[in-house]
Amino acid sequence: TDDADHLKDFLQHLALERRLSARTVEAYRGDLDDLATFLERSGGNLRQATPRQLRRWLAHLSTRGYARSSIARKAAAVRAFYRFAVRRGHVATSPASLLASPKLPVRLPPVLKASEAAALVASPEPEDPWAVRDRAILELLYASGLRVSELCGLDLGDVDLGRGRVRVMGKGGRERDVPFGEVAADAVRAYLTEARSETVPPAKAAALFFNRRGRRLGSRDVRAIVEKYRRGILAGRRVSPHTLRHSFATHLMEGGADIRAVQEFLGHASL
């Protein structure tokens, strides 16, 4: 049938021209087969579908208990199919051009209370140089809201303890100066004066932090450090380095900080 040919044409376009994975192409196939079956029940087909029929199909999916994220994906697949069909001249206009996806809830990361965050970052006891390093890492993460990748990318010259500033290379190669407070400055100062020389391998002086294998600190190392101290302070809670970043932003806002200033600190391109 024409529908089957048009669908095959579209799926080949996804695989060969847009180079989507076989799994993604199969997901598109399943979504469009589902719509075709729904339309056939009322004597219709993909080529002659109307906006009203497409809206009824989405409502039908909702009554069948599909999650909003699944319905949104199916709606996106249908819009893509009809845009392609218009370009190829299979249909004159797209019945899906005004098809709205269900609004997806914005999932924000969990936030620690200020007292919980303070307890977590202060939990490494300075019994050895590695614990002093861990304290500096946690304090800096929470006090400046850095991304893990940004923290790992810091070199020795990026930290200005006198000004309480750290120079960060963020996403998209955007550089920014981020302030941090006196408590974090004290923790980093202690690390630099008391512990860094014992945790940095010879002739590898550029990076600010190193792991126990003598390499620049990596994202997995930071996650392991947060998890290690989380177990002792916040048992049963899910905490990641990003939790500290999000807590930093939330606590700044609760303290009356301007939202655009917080956006700049975080290095977010959009509010």
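Both lysine 74 and aspartate 31 are buried. In this predicted model, the two side chains form a salt bridge, with 3.0 Å between the closest N and O atoms. The pair connects distant parts of the chain, since lysine 74 belongs to helix 4 (residues 68-87) and aspartate 31 to helix 2 (residues 22-41), 43 residues apart.

A salt bridge also joins arginine 163 and aspartate 177, whose closest N and O atoms are 3.5 Å apart. Here too the pair links distant parts of the chain: arginine 163 lies in the loop between strand 1 (159-160) and strand 2 (165-169), while aspartate 177 sits in strand 3 (residues 175-179), 14 residues apart. Aspartate 177 has a relative accessibility of 41%, so it counts as partly exposed.

Arginine 230 counts as buried because its relative accessibility is 10%, under the 20% cut-off. Glutamate 227 is partly exposed, at a relative accessible area of 28%.

Salt bridges with shared partners also join Asp9, Glu17 and Arg88 into one network. In total, the count comes to 19 salt bridges.

| Salt bridge | N to O distance |
|---|---|
| Lysine 74 and aspartate 31 | 3.0 Å |
| Arginine 163 and aspartate 177 | 3.5 Å |

How values were computed:
Residues numbered from 1 in each chain as written. Predicted model: local features only at pLDDT ≥ 70, side-chain atom pairs only at ≥ 80, totals over all residues. Heavy atoms only, no water. Salt bridge = Lys/Arg side-chain N within 4 Å of Asp/Glu carboxyl O. Helix = DSSP H or I, 4+ residues; strand = E, 2+ residues; numbered from the N terminus. Buried < 20%, exposed > 50% of the residue type's maximum accessible area, 1.4 Å probe, protein only.
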